[in-house]
Amino acid sequence: MSEREIMLKKLCSYDFVLVELNLYLDTHPTDTQAIEKLKSCEQSARALRDEFEEKYGPLSSVSMITNPYSWINSPWPWDGGEE
Amino acid sequence: MFVYEKKLQYPVKIKTPNAALAKIIISQYGGPDGELGASLRYLSQRYTMPYPELKAILTDVGTEELGHLEMIGTIVYQLTKGLTPEQIKAAGMDAYFVDHTAGIYPQAAGGMPYSAASMQVKGDAITDLHEDLAAEQKARSTYDNILRYADDPDVKDPIRFLREREIVHYQRFGEGLRLLTDKLDSKNFYAFNSSFDKNKIQPR
């Protein structure tokens with residue numbers, strides 16, 4: 001795995017925890033422990049995302065304004081991080 | 001609105017193409033119990049859901065299913081990449097190839113194009129949530145069947161991830177149904193449409 005893939009995989013794991021906790025909180029909105037976990041994971045995910053985007057280009061069209069060239073040319077997910 | 005994220009929910013990196021597997025996995029792209037139908041079903045049902053928790057579950061699960069659609073598209077794409085027409089034919093995928101070449105088309109494994117006839121939006125929260133619970137189990141069964149044929153760990157790993165998500169979604173929909181029935185009037189227990197008829201229920 002390339003350095004980019006390792007970093008992206010780590011970011012995907014953080015983002016997955018966010019998806020899972022968010023879904024759990026849809027039906028358990030008062031679970032303070034889960035809310036705390038969501039908050040701390042959100043911080044880690046944001047820091048890692050900033051670092052990744054700085055290094056490898058934007059991950060969403062929201063953050064692409066500063067780097068349109070990289071939005072087009074960074075690897076597309078279905079290409080397995082190869083091209 | 002929706003914003004695209006240029007990454008998969010879970011990594012897919014298949015080293016060995018296998019058209020025979022692609023031919024069956026395409027069913028989770030556009031088949032009756034596939035991810036496209038799941039997403040479209042939940043994102044369409046959410047408008048008439050009576051409680052904020054239910055609107056949230058359907059929105060969030062429906063959005064996640066779009067990510068799963070992308071994972072399945074990626075799996076089929078990587079399983080057919082670089083194959084010759086002879087290899088495609090030997091794997092029994094020539095009928096698909098003649099219509100779509102190596103493009104990713106939403107269809108069932110048997111060749112039926114995606115049809116909204118395989119899903120329902122009833123505008124009734126009880127009916128819709130029961131359909132959603134069934135849909136998650138149908139998708140889980142399909143993944144179980146795919147796993148009977150898949151022998152490549154590069155394919156099994158993301159398919160197992162997707163199978164697990166069906167189980168989690170089933171749990172969340174179950175909680176949603178419980179939440180709904182708990183809020184129903186005792187005169188309206190499984191009786192009438194809590195999305196549409198709620199203003200017509202006589203006060204006790």
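Two residues are in contact if their C-beta atoms, placed from the backbone, lie within 7 Å. The structure discussed here is a predicted model.

Chain B is built from 8 helices and has 0 strands. Read from the N terminus, its elements follow the order α-α-α-α-α-α-α-α. Its C-alpha atoms fill a box of roughly 70 × 35 × 30 Å along the principal axes. Of the 204 residues in chain B, 39% are buried. Take the contacts in chain B between residues at least 6 apart in sequence: 78% of these join residues at least 24 apart.

Chain B also touches chain A. To this contact chain A gives 17 residues and chain B gives 26 residues. On the side of chain A that touches chain B, 9 residues are nonpolar, 6 are polar and 2 are charged.

One part of the picture is a pair of helices, one from each chain. Helix H1 of chain A (residues 3–27) packs with helix H4 of chain B (residues 52–80) at an angle of about 155 degrees, and their axes are 8 Å apart. How do the two helices run relative to each other, parallel or antiparallel? Angles over 145 degrees count as roughly antiparallel, so H1(A) is roughly antiparallel to H4(B). The crossing of H1(A) and H4(B) is left-handed.

Which residues make this contact? From H1(A) come Val19(A), Asn22(A), Leu23(A), Asp26(A) and Thr27(A). H4(B) supplies Glu53(B), Ala56(B), Ile57(B), Asp60(B), Val61(B) and Glu64(B). Sorted by class, the contact of H1(A) with H4(B) has 5 nonpolar, 2 polar and 4 charged residues.

Technical notes
Residues are numbered from 1 along each chain as its sequence is written. Chains are lettered from A and ligands numbered from 1 in the order in which they are written. This is a predicted model: local features need pLDDT of at least 70, side-chain atom pairs count only at pLDDT 80 or more; totals for chains, interfaces and linings use all residues. Ala, Val, Leu, Ile, Met, Phe, Trp, Tyr, Cys and Pro count as nonpolar, Asp, Glu, Lys and Arg as charged, and the others, Gly among them, as polar. Axes are lines fitted to C-alpha atoms, for helices over the stretch in contact, and angles run from 0 to 180 degrees between N-to-C directions. Helices (H or I, at least four residues) and strands (E, at least two) are DSSP runs, numbered from the N terminus. Angles under 35 degrees count as roughly parallel, over 145 as roughly antiparallel, 65 to 115 as roughly perpendicular and the rest as oblique. A crossing is left-handed if the near helix is turned anticlockwise from the far one by less than a right angle, and right-handed if clockwise. A residue is buried if 20 or more other C-beta atoms lie within 10 Å of its own, exposed if 12 or fewer, and partly exposed in between; C-beta atoms are placed from the backbone.
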